[in-house]
Amino acid sequence: MSGDKNQEQNSSSTEFIEKRRAALERYLNRTAAHPVLSVDPDFREFLEADMELPKATNTSALSGKGVMRLFNKVGETVNKITYKMDETDKWFEEKTSQIDSLDVQLRALHSAVDTLTNQRRELATCTGATARSIAVLGHGEPGASLGRALAQLAETLEKVEVIRRAQSNSDLYQFGEMLRDYVALIGAIKDVFHERVKVFQNWQHAQMMLNKKREQKARLEQSGRTDKTSQAATEVIEWEAKVDRGQEEFDNISKMIKKELERFELVRVEDFKKQLTEYLESMLQYQNQLIKYWESFLPEARAVA
């Protein structure tokens, strides 16, 4: 019992390490394929540095900075809920709807594949248990031909168990983890869309403040308070510059999002095609191997007298 528990813990640890390794590999490949990120100095230093990488710091779950980050995230979440920009760009309106729909679909598919992985793994475990039980039964069988067939069946089921575990690994690493990556990427895209809304909000706030400063300057001029008119004029100029910067930032982030999202769609289609093709090819190989195992056993079963 203790041995089975240790084996299960070792298997979970190995799977965790493999997941992290595969995720890092996909991240590096995806970053290296990006025309801008691939030449980023930090990324190149990460790949080429000979020294040991620095260890993570500030890992305390309840540190002061961690609590502040938590409150900031809560504040941003509330802002997402309470503020809604009246979208004037039809492209963004359509893409937002598409991204929301894709998010729901990918999450549902990832959940289904996760269930498939677990059930296939459970099937492999049950297959192995069945093989061991049949082997014990074969040892106690008085009939030579039936005993031989049972022993052969146990060996066949042991091979089938290996195949089914390999299938569950393909479900996880070739299909499930890819879906998990894209669920995270879709979440990042939604965050970027929200950043655009925040930039728009800052721009509109600057426009509102500019209007107030202009009204304040006009009132000072009408009242003849020349001592404060100069300062008011300076503030108007400052807020005019902020409005111009706000509009420029909004235009720039809108253009960048369109450019990156168009690239993302091309990469996503190609990535799905590549991963699904490899996944289906591996499934086909596994099924062919299973057929060979059962075809090899069939004459032994028919020979039972």
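With which handedness does H4 pass H5? The crossing is left-handed, a label used when the near helix is turned anticlockwise from the far one by less than a right angle, with clockwise giving right-handed.

Before going further, a word on the model. This is a predicted model, in which local features need pLDDT of at least 70 and side-chain atom pairs count only at pLDDT 80 or more, while totals for chains, interfaces and linings use all residues. Residues are numbered from 1 along each chain as its sequence is written, and side-chain values use heavy atoms, with hydrogens and water left out.

The protein chain holds six helices and zero strands, and so its pattern along the sequence reads α-α-α-α-α-α. Here helices (H or I, at least four residues) and strands (E, at least two) are DSSP runs, numbered from the N terminus. Of the 305 residues in the protein chain, 28% are buried, meaning under 20% relative accessible area, with exposed set at over 50% and partly exposed in between (1.4 Å probe, protein chains only).

Back to the opening pair. The axes of H4 (residues 90–139) and H5 (residues 144–223) come within 7 Å and cross at roughly 165°; axes are lines fitted to C-alpha atoms, for helices over the stretch in contact, and angles run from 0 to 180 degrees between N-to-C directions. H4 and H5 are therefore roughly antiparallel, a term for angles over 145 degrees, while those under 35 are roughly parallel, 65 to 115 roughly perpendicular and the rest oblique. Their contact has 26 nonpolar, 13 polar and 14 charged residues. In this sorting, Ala, Val, Leu, Ile, Met, Phe, Trp, Tyr, Cys and Pro are nonpolar, Asp, Glu, Lys and Arg are charged, and the others, Gly among them, are polar.

H5 itself runs for 80 residues and spans 116 Å from first C-alpha to last, close to the expected 118 Å, which is 1.5 Å times one less than the number of residues. H5 also has a kink of about 40° centred on Gly-176, the bend being the angle between axes fitted to the seven residues ending there and the seven starting there.

Finally, Met-85 sits in the loop between H3 (64–82) and H4. Met-85 counts as buried because its relative accessibility is 9%. Met-85 and Phe-200 are 115 residues apart in sequence, with 8.0 Å between their C-alpha atoms.
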